[in-house]
Amino acid sequence: MHILYFCSFLCLDSDFRFEFKMKSKIAYIRVTGRSVYYDGSLGIDEDLMKQANIAEHEQVHVLNVTNNERFITYAIKEPAGSKNICLYGPAANKGSINDEVVILTYCSVTPNEELTPIVLNFREQ
């Protein structure tokens, strides 16, 4: 009860406000693998994770451009240089190999804080 009141008080204080903004985006990349019976959720090539500033186990939003599915999960590392984007566990039911997906991460910033998101675009021209 006290924690809820304290959080409500802080959220109402105009000097203590955060906004959620896009931190990074891996756009139009193809799913390379999927496995329902696997520990994990979204496997991303470690090199891509570094380029997009995505930490292992960080929450990611996945938008499947091919079938319009959207889901929230967490990132796990695939071997560096493998170019793997793999759907694991229940997330594997949200897409198929060769589906085009967009992977987004967000962070909280103060209203005056500048943020330039990292965007990696793999759209085939």
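Is Tyr38 buried, exposed or partly exposed, and what is its relative accessible area? In this predicted model, Tyr38 has a relative accessible area of 40% and is therefore partly exposed, since that class covers values between the 20% limit for buried residues and the 50% limit for exposed ones. Tyr88, by contrast, is buried, with a relative accessible area of 8%, a value under the 20% cut-off.

The structure holds 1 aromatic pair. Tyr38 is located in the loop between strand S2 (33–35) and strand S3 (42–45), while Tyr88 is part of strand S6 (residues 85–88), so the contact ties together parts that are 50 residues apart in sequence.

A further ring contact involves a charged side chain. Arg123 lies over the face of Tyr28, at 4.2 Å from the ring centre.

Strand pairing was examined for strand S1, which spans residues 19–30. Strand S1 is joined to strand S7 (residues 100–109) by 9 bridges, and the two run antiparallel. Within this pairing, Met22 has Tyr106 of S7 as its bridge partner. Strand S1 also pairs with strand S8 (residues 118–121), here in the parallel sense and over 4 bridges. In S8, Val119 is the bridge partner of Lys25.

Terms used:
Residues numbered from 1 in each chain as written. Predicted model: local features only at pLDDT ≥ 70, side-chain atom pairs only at ≥ 80, totals over all residues. Heavy atoms only, no water. Phe/Tyr/Trp six-rings, centres within 6.5 Å; stacked < 30°, edge-to-face > 60°. Buried < 20%, exposed > 50% of the residue type's maximum accessible area, 1.4 Å probe, protein only. Lys NZ or Arg CZ within 6 Å of the ring centre and 35° of its normal. Pairing = 2+ DSSP bridges.
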